[in-house]
Amino acid sequence: MATAETHYTLPLPGFDKPVKLLIVVAPYYKDIADNLVAGAKAVAAECGAEVDLVEVPGALEVPSAIAMAERLAEYDGYVALGCVIRGETTHYDTVCNDSSRALSLLGLQGACIGNGILTVENRAQAEVRADPAGQNKGGGAAAAALHLIALSRKWAGKSKGIGFRA
């Protein structure tokens, strides 16, 4: 059982310049989404990050919204939040795999994204994972984005050059 295990959590990074995060949430299960957002906002506040919030219809739209923001807005990082609960069809697999893959591809292109889209078997699992006083997966997603922003800032402006080396 996952709740019986303990895991190491990196301490939150510190920042010299302000951080601006965009939380993109799919509030299909509103109560669960609200808990994820509360956890993410609390962790962002611990680092002094400014947060904007947008809602999209479902988990498949979260990566599209982040991609648009990455191209058109000025954010340092993104927190992807939502919940997909297994149903009776294979739609669950499509939504889980495609939303995760799209977020990963955006990350590989340089976007600093914390993925807090829950993929669970039932509502009870989602409630435990979303609870800010429980597993706080929204807070964990915000922390992941903040750690990636810190790395991005650490390495910004450094170049390995191009072409052959002597």
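In this predicted model, helix 2 passes helix 3 in a left-handed crossing. Two packed helices are described by the angle between their axes and the distance between the axes. Here, helix 2 spans residues 61–72 and helix 3 spans residues 91–108. Their packing angle is about 20 degrees, and their axes lie 8 Å apart. That angle makes helix 2 roughly parallel to helix 3, because angles under 35 degrees count as roughly parallel.

Which residues bring these two helices together? From helix 2 come Pro63, Ile66 and Ala67, and these meet Ser99, Ala102, Leu103 and Leu106 in helix 3. Sorted by class, the contact of helix 2 with helix 3 holds six nonpolar residues and one polar residue, with no charged ones.

As for handedness, helix 1 passes helix 5 in a right-handed crossing.

On the helix 1 side, the contact is made by Leu36, Gly39, Ala40, Val43 and Ala44. Helix 5 contributes Lys137, Gly138, Gly139, Ala142, Ala143 and Leu146. How do the residues of this contact divide by class? In the contact of helix 1 with helix 5, seven residues are nonpolar, three are polar and one is charged.

Notes:
Residues numbered from 1 in each chain as written. Predicted model: local features only at pLDDT ≥ 70, side-chain atom pairs only at ≥ 80, totals over all residues. Heavy atoms only, no water. Axes fitted to C-alpha atoms, helices over the stretch in contact; angles between N-to-C directions. Helix = DSSP H or I, 4+ residues; strand = E, 2+ residues; numbered from the N terminus. Parallel < 35°, antiparallel > 145°, perpendicular 65-115°, else oblique. Left-handed = near helix turned anticlockwise from the far one by under 90°. Contact = heavy atoms within 4.5 Å. Nonpolar A, V, L, I, M, F, W, Y, C, P; charged D, E, K, R; others polar.
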